[in-house]
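Please examine the sequence and the structure shown here.

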Amino acid sequence: MSGRRDREARREERLREDEQAGTAERRQRLIKLGSAAGFLALAVLAVVLVVSQSQKGGDASNIVDTQAVNQLLDGIPQNGMTLGKPSAKVTLLEFGDLQCPVCKGYSEEVLPGVIEGQVQNGEAKIDFRNFTIIGPESTPAGAAAIAAGEQGRGWNFVELFYRNQGAEDSGYVTDAFLTAIAKGAGVPNVASWNADRKSKRVLSEVAATTAEAEQLGFSGTPSFAIKGPGTSGTETIGTPGSVGDLESAISGAE
Amino acid sequence: MKAPAEGTLRGIATFLASFGVGVATYIAIADSGGGSPVCIAGGHGCQTVAESSYSHLLGVNVAIFGIIGYVVLLACALLRGDGARMVGFVVALVGFGYSVYLTYLELFTIDAICQWCVASAVLMTLLFVTNATRMLAYAGAKR
């Protein structure tokens, strides 16, 4: 009797152990499957984000970041295409092309640090000058910025354009797109801006600053030059790689 | 350390996901009228974030994806079994990853903080912890 009970007890224990082993194995399998599915879903999300971001911009009906641009430039004086207090000792000359994606990146990642620092506190001012090297659409874009500058909104136009930039020479720089940017930038008289941006005077200014950039030896955008008490005239500084580099160049020119 | 009972985890997840549905719905409704969520503590952070190019994904307001995600997480919290555990874990992981990305953008790219987005990020983080614990502790367990 006792032998049979022992055999049954051992059998039950073996079944229990088998069941536990099966459950543990199933558990491991599910955790591995769940983790793989989770990381696959994250990878898909990353691809969707990259594709989504690369397709953005150039949409006249969906101008974004006006509030962010207003916030960045709020309270800083603008005169033509110059941003900053007229009394600032150092002038930073930025030669850029509104169609240039590197300029867009620089405008979003590097320049805000300097604008919120040395420009805001009156040490430096930045003068944006067109250097149209990307293609035919760069000229009307640059002219539109100058015309906005004549109404005191040049930097709002430039910054907002960069934040809504489309693919190079893809045909997005239309009258509708430029007008949407001008309105978003807060250009007070859009009719006057519209006439100015097509004028010979403004278009020749775009050509003149492009020639100036070439004379300075620049071949890409954005390129910078600087002048101040500590420089001998206008000195080229190329493209400083970081906010710190740009700040050091400004400090060195004081 | 012993994990809480699965029923407790499901209860917590139900509470968090319900809250998440509310937050995401508010953001979606505020944005659909051409406006933006109102930051309770003041400031323009919510407006700046809602108006940024990152507030939409493939042309759809990210809050809509948020509603879908929270509803799925709510369903997973209410249901039993490995299917619910697994789907809850995967959706919470994706939601948590996307929340980290959006919070990074707010801090370093948009330079503005939206309290509603932060609230959603906190809820999604807690939901990830809850669902991951449920998955790790109870995957394969009987209902």
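Read along the sequence, chain B follows the pattern α-α-β-β-α-α-α, that is, five helices and two strands. Helices (H or I, at least four residues) and strands (E, at least two) are DSSP runs, numbered from the N terminus. This is a predicted model, in which local features need pLDDT of at least 70 and side-chain atom pairs count only at pLDDT 80 or more, while totals for chains, interfaces and linings use all residues. Residues are numbered from 1 along each chain as its sequence is written, chains are lettered from A and ligands numbered from 1 in the order in which they are written, and side-chain values use heavy atoms, with hydrogens and water left out.

**Chain B as a whole**

- Chain B has 143 residues, of which 46% are buried. Buried means under 20% relative accessible area, exposed means over 50%, and partly exposed lies in between (1.4 Å probe, protein chains only).
- Among contacts (heavy atoms within 4.5 Å) in chain B between residues at least 6 apart in sequence, 77% join residues at least 24 apart.

**The interface of chain B and chain A**

- Chain B brings 27 residues to the contact, and chain A brings 26 residues.
- About 2,400 Å² is buried between the two chains, and carbon and sulfur atoms give 62% of this area. Buried area is the accessible area (1.4 Å probe) that two parts lose on being put together, summed over both.
- On the side of chain B, the residues that lose the most area to chain A are Glu51(B), Ser53(B) and Met86(B), together 20% of what that side buries.
- There are four residue pairs in polar contact between chain B and chain A, both residues being at pLDDT 80 or more. A polar contact is a pair of N or O atoms within 3.5 Å; within protein, one must be able to donate a hydrogen and the other to accept it, and residues adjacent in sequence count only if both atoms are side-chain atoms.
- In chain B, the elements α2 (45–51), β1 (56–57), α4 (82–110) and α5 (115–138) each supply at least two residues of the side that touches chain A. Helix α4(B) gives the most to this side, with nine residues.
- The side of chain B that touches chain A consists of 15 nonpolar, eight polar and four charged residues. Ala, Val, Leu, Ile, Met, Phe, Trp, Tyr, Cys and Pro count as nonpolar, Asp, Glu, Lys and Arg as charged, and the others, Gly among them, as polar.

**Salt bridges**

- Over all chains, the structure holds twelve salt bridges. A salt bridge is a side-chain nitrogen of Lys or Arg within 4 Å of a carboxyl oxygen of Asp or Glu.
- Across the interface of chain B and chain A there is one salt bridge. Asp82(B) forms a salt bridge with Arg26(A), with the closest N and O atoms 2.6 Å apart.
- Glu25(A) and Arg29(A) form a salt bridge with their closest N and O atoms 3.9 Å apart. Both residues lie in helix α1 (residues 2–54) of chain A, four residues apart, about one turn of the helix. Glu25(A) and Arg29(A) are both exposed.
- Glu159(A) and Arg163(A) also meet through their side chains in a salt bridge (2.7 Å, N to O). Glu159(A) is buried, and so is Arg163(A).
- One network of salt bridges that share partners joins Arg26(A), Glu6(B), Asp82(B), Arg85(B) and Arg134(B).

**Helices α6 and α9 of chain A**

- Helix α6 (residues 154–163) of chain A is mostly covered, as ten of its ten residues are buried. Among them are Trp155(A), Phe157(A) and Leu160(A).
- Thr209(A) lies in helix α9 (residues 200–215) of chain A. Thr209(A) is buried, with a relative accessible area of 11%.
- The side chain of Thr209(A) reaches the backbone oxygen of Asn130(A) at 2.8 Å. Leaving aside neighbours within four places in sequence, Thr209(A) is in contact with Phe95(A), Arg129(A) and Asn130(A).
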